[in-house]
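Here is a short report on one model.

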Amino acid sequence: MTTPSTHPATASARVLLQALAALGVRDVVLSPGSRSAPLAYALADAALPDGERPAGAPALRLHVRIDERTAAFLALGLAKAAVARGDVRPVAVVTTSGTAAANLHPAALEAAHTGLPLVLVTADRPHELRGTGANQTTEQVGLFGGAVRFAADVPAPTGRPGEARDLRHVVSRALAAAVGARTADPGPVHLDLAYREPLGPGAEPWPAPADDGLVRVTARSAAPFVAAGPDDLRRDDVPTVVVAGDGAGPHARLLAEANDWPLLAEPSSGALGSAHAVPAYRLLLGHPALGGQVRRAVVLGRPTLSRPVARLLARDDVELVVVAPHGRDWPDAGRAATHVHTEVPAALIGRAGPPGWLDAWRAAGKTAAAVIDSVLDPGPRTAPSRSGTRVTGPVLAREVVRATQQRDVLVVGSSNPVRDLDLMAGWDVPALVLANRGLAGIDGTVSTAIGVALGLPDRRVRALVGDLTFLHDAGGLLRGPLEPAVDLQVVVANDDGGSIFATLEHGAPEHAAVFERVFATPHGADLSALCAAYGVRHTRVSDVEGLAPALAAPGRGLSVVEVRVDRAGRRALGERIESEVRDALDRTLG
């Protein structure tokens with residue numbers, strides 16, 4: 001008869017890591033804590049180099065972060081990097097109990113809405129201490145509600161026979177749900193693990209790896225690009241556009257090219273780099289000869305950026321076809337969809353628009369792009385005329401596009417940066433642009449970008465964020481000297497506040513008396529001093545001519561390029577661009 005371990009928490013934590021590794025986990029992010037100590041000790045063993053790891057310990061890459069919220073977004077970035085490599089691989093994040101666990105919630109929500117496989121591992125007090133007022137004890141079971149695809153309340157181990165087998169079975173179910181093996185709906189899962197003292201390891205060796213209880217679930221095969229289906233769509237010559245939202249992938253580009261349809265692609269759609277992609281498309285949708293003529297829209301991914309696109313997709317006179325291969329829900333904020341498919345229906349292939357339809361959009365896009373450039377660059381483009389010129393958000397986005405080479409990766413923050421990029425993006429080849437568009441929050445963007453850079457070490461990674469996004473996750477810059485270095489350039493558009501609100505109804509003149517305090521929220525923060533405190537290289541750019549040199553040479557390590565951006569003219573600049581593009585289209589289209 002086997003003698004039960006005198007350190008059941010340690011034994012159980014070791015079995016957990018063996019199971020995670022056996023089922024595909026390679027990266028684990030840990031935030032320190034006492035109740036999670038069994039996991040921390042086990043992870044320290046698993047992170048040792050080959051030849052130093054104890055027998056039985058799996059090989060895992062460990063990342064340690066002090067702040068649980070940044071740790072979770074770092075894991076999110078690692079998961080994004082895995083998807084970019086074509087590998088839907090779960091990433092685990094480990095915390096102790098109490099508020100530490102609650103700090104995972106923002107990243108869990110983002111992962112839920114973007115379908116990223118995060119494994120949230122929270123240590124907990126044993127059941128007899130719950131509800132007693134014990135220190136750092138709260139109700140962690142169900143903490144993440146509907147944000148997780150699977151949740152398990154795992155009792156404190158006792159060393160009973162069959163306990164390791166049962167744990168491996170629970171982990172198998174959790175990871176199958178995380179990668180969407182049965183549902184084609186990947187997302188976060190939650191394992192709440194109760195531990196009793198002793199929380200430190202004893203002298204017992206690691207258990208031998210075992211398959212007893214492990215379940216390797218065969219994943220559902222990916223949906224084909226085109227599948228047969230009923231031909232109940234309207235005639236072939238319907239004026240159609242393809243709307244590629246966040247995460248649409250290359251299928252949106254392939255569909256547009258197969259039918260010679262205009263492609264309206266958001267930066268993080270994964271569909272850029274096609275001759276069918278129309279620049280500045282949101283400025284064209286209001287013109288009667290372009291957006292006004294659309295009678296069918298095919299949506300892939302989640303369109304979230306543009307109010308003109310949202311209005312198009314809610315119109316009664318537009319047949320809305322949604323292609324949503326994953327998940328229970330589908331994007332249809334206007335409640336106007338007439339068809340929802342898990343793959344592109346064969347009936348959609350070969351249905352070209354009316355003669356000249358694509359050419360009209362292409363020409364209009366070129367016209368709009370030329371007008372935007374003329375507004376942003378008044379006068380001859382000579383060094384004297386540009387010397388000391390203040391930078392605007394669109395100019396910064398354009399320079400970032402120009403600096404981004406084919407194999408580079410760009411992580412873009414919410415609010416104005418992603419909208420400026422949407423206006424200015426014009427890559428001739430497919431570009432990898434990533435963004436947290438699940439809920440479009442500014443939470444954890446710096447940490448997400450760091451996770452992406454750690455997960456794609458062979459590619460140059462740059463982030464473009466606003467100042468509030470940067471300050472919101474400044475803690476993401478903190479990396480202990482024992483942690484792997486990361487190569488990442490963070491470009492911060494610093495306009496001393498939330499200029500996104502200036503472009504919305506809140507920025508109208510009638511709200512000027514309250515706008516600065518409750519919407520713009522100027523902060524006056526010294527980003528240079530903040531970067532110095534974190535030991536991060538900092539460069540400040542104040543005019544247009546300094547942009548290209550600062551972006552061209554990011555160097556190794558983590559660096560910040562702070563670009564002082566004019567906020568006062570944000571609303572007026574946007575209105576002028578819209579007006580001049582509209583006038584130019586009227587002259588060419590009538």
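## Helix H16

Helix H16 spans residues 527-534, and its Leu527, Leu530 and Cys531 are buried. They sit on the same side of H16, because they cover an arc of only 95° around the axis. The arc is taken over the directions from the helix axis to the C-beta atoms. An α-helix has 3.6 residues a turn, so residues three or four places apart point the same way. Ala532 and Ala533, on the other side of H16, are exposed. Buried means under 20% relative accessible area, exposed over 50%, and partly exposed in between, with a 1.4 Å probe and protein chains only. Helices (H or I, at least four residues) and strands (E, at least two) are DSSP runs, numbered from the N terminus.

What do the buried residues of H16 pack against? Their partners are helix H14 (467-472), strand S17 (488-494), strand S18 (537-541) and strand S19 (558-564). Contact means heavy atoms within 4.5 Å.

## Basis of the model

This is a predicted model: local features need pLDDT of at least 70, side-chain atom pairs count only at pLDDT 80 or more, and totals for chains, interfaces and linings use all residues. Residues are numbered from 1 along each chain as its sequence is written, and side-chain values use heavy atoms, with hydrogens and water left out.

## Domains

The domain assignment gives domain 1 (8-194), domain 2 (226-363) and domain 3 (387-569). Such bounds come from an automatic or database domain assignment. The centres of domain 1 and domain 3, taken over C-alpha atoms, are 31 Å apart. Their contact takes 21 residues from domain 1 and 25 residues from domain 3.

## The second largest pocket

The second largest pocket holds about 1100 Å³ of space. Its lining has 34 residues, and Arg282, Arg307, Pro308, Thr503 and Glu578 lie nearest the centre. A pocket is an open set of points on a 1 Å grid over the protein atoms alone, with protein on both sides within 12 Å along at least five of seven lines; a cavity is a set where a 1.4 Å probe fits but cannot get out; lining residues have an atom within 4 Å of a point. Grid points are joined across faces, edges and corners, and a volume is the space filled by probe spheres set on the points.

Helices H8 (307-313), H12 (416-424) and H18 (570-589) each supply at least two lining residues of this pocket. H18 gives the most, with ten. Domain 2 and domain 3 each contribute at least three residues to the lining. By class, the lining of this pocket has 13 nonpolar, eight polar and 13 charged residues. Ala, Val, Leu, Ile, Met, Phe, Trp, Tyr, Cys and Pro count as nonpolar, Asp, Glu, Lys and Arg as charged, and the others, Gly among them, as polar.

## Two cavities

How many cavities of 30 Å³ or more does the whole structure have? The search finds two. The largest cavity has a volume of about 30 Å³. Its lining residues include Ser12, Leu16, Val154 and Tyr195. Helix H1 (8-22) and strand S6 (189-194) each give two or more residues to that lining. Eight lining residues of the largest cavity are nonpolar, one is polar and none is charged.

The second largest cavity also has a volume of about 30 Å³. Arg65, Thr70, Leu74, Ser447, Ile450 and Gly476 line it. Helix H3 (68-84) and helix H13 (445-455) each give two or more of these residues. The lining of the second largest cavity has two nonpolar, three polar and one charged residue. Domain 1 and domain 3 both give residues to this lining, so the cavity lies between them.

Leu283 lies in the loop between strand S9 (263-265) and strand S10 (296-300). Leu283 is buried, at 18% relative accessible area. Its contacts, not counting residues up to four places away in sequence, are Ile372, Leu423, Ile577, Glu578, Val581 and Leu585. Leu283 and Arg582 are 299 residues apart along the chain, yet 7.7 Å separates their C-alpha atoms.

Ser268 is in the loop between S9 and S10 too. Its relative accessibility is 8%, so Ser268 counts as buried. Leu255 belongs to helix H7 (residues 250-259). Leu255 is buried, with a relative accessible area of 0%. Beyond its neighbours within four places in sequence, Leu255 is in contact with Phe225, Val242, Trp261, Val298, Leu300, Val344 and Ile349.
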